Amino acid sequence: TGLKYTSETDIAWAAGIFEGEGCLTYTKSSDSWSFQIEMCDKDIIDKLVTIFPLNVTVSKRKDRPEHYVQPYNARVSARDVVFECVCTIYPYLGLRRRAKCDEFIAWYEAKQ
């Protein structure tokens, strides 16, 4: 898939955003993983999309009061792209996020 060249500073920044606002989620029913970040700051989401090939949607939750700021969800579930995203930010992550990435990498390698 090949992520485009990105500076180490931008990768570290993106890892920090993922650490605080992101998740790596396994869906058992489809045996797939997704890499996603949800937040209300569109400028941050826009910058993330220049670093990773994420699909952006507007989160629509019926339980959210109308006066709340609308959150954006940036996500990818193509396994090779998730793998590249994970490998790119892995060195910058804390223990809990690395443990989740390790789960994904074990799953990924088992599927090879």
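Leaving aside neighbours within four places in sequence, L24 is in contact with F18, W33, S34, F35, V82, V86, K100, C101 and F104, where contact means heavy atoms within 4.5 Å. The structure is a predicted model, in which local features need pLDDT of at least 70 and side-chain atom pairs count only at pLDDT 80 or more, while totals for chains, interfaces and linings use all residues. Residues are numbered from 1 along each chain as its sequence is written, and side-chain values use heavy atoms, without hydrogens and water.

L24, F35 and F104 have the most contacts inside the largest nonpolar core, which has 30 residues. Such a core is a set of buried Ala, Val, Leu, Ile, Met, Phe, Trp, Tyr and Cys residues joined through side-chain atoms within 4.5 Å; buried means under 20% relative accessible area (1.4 Å probe, protein chains only). Two or more residues of this core come from each of α1, β2, α2 (42-51), β4, α3 (79-89) and α4. Helices (H or I, at least four residues) and strands (E, at least two) are DSSP runs, numbered from the N terminus.

An open sheet is formed by 4 strands in the order β1-β2-β4-β3, with antiparallel pairing; two strands pair if DSSP finds at least two bridges between them. Because β1 (22-27) and β3 (55-58) each have a single partner strand at the edges, one side of each is left without a neighbour in the sheet. Strands β2 (residues 32-39) and β4 (residues 72-76) pair over 5 bridges in the antiparallel sense, and the bridge partner of F35 in β4 is V76.

Helix α1 (residues 8-21) packs on the sheet and touches β1 and β2, its direction making about 95° with that of β2. Angles run from 0 to 180 degrees between N-to-C directions, with axes as lines fitted to C-alpha atoms, for helices over the stretch in contact. Helix α4 (residues 95-110) lies across β1 and β2 at about 35° to β1.

Definitions and conventions: Buried < 20%, exposed > 50% of the residue type's maximum accessible area, 1.4 Å probe, protein only.
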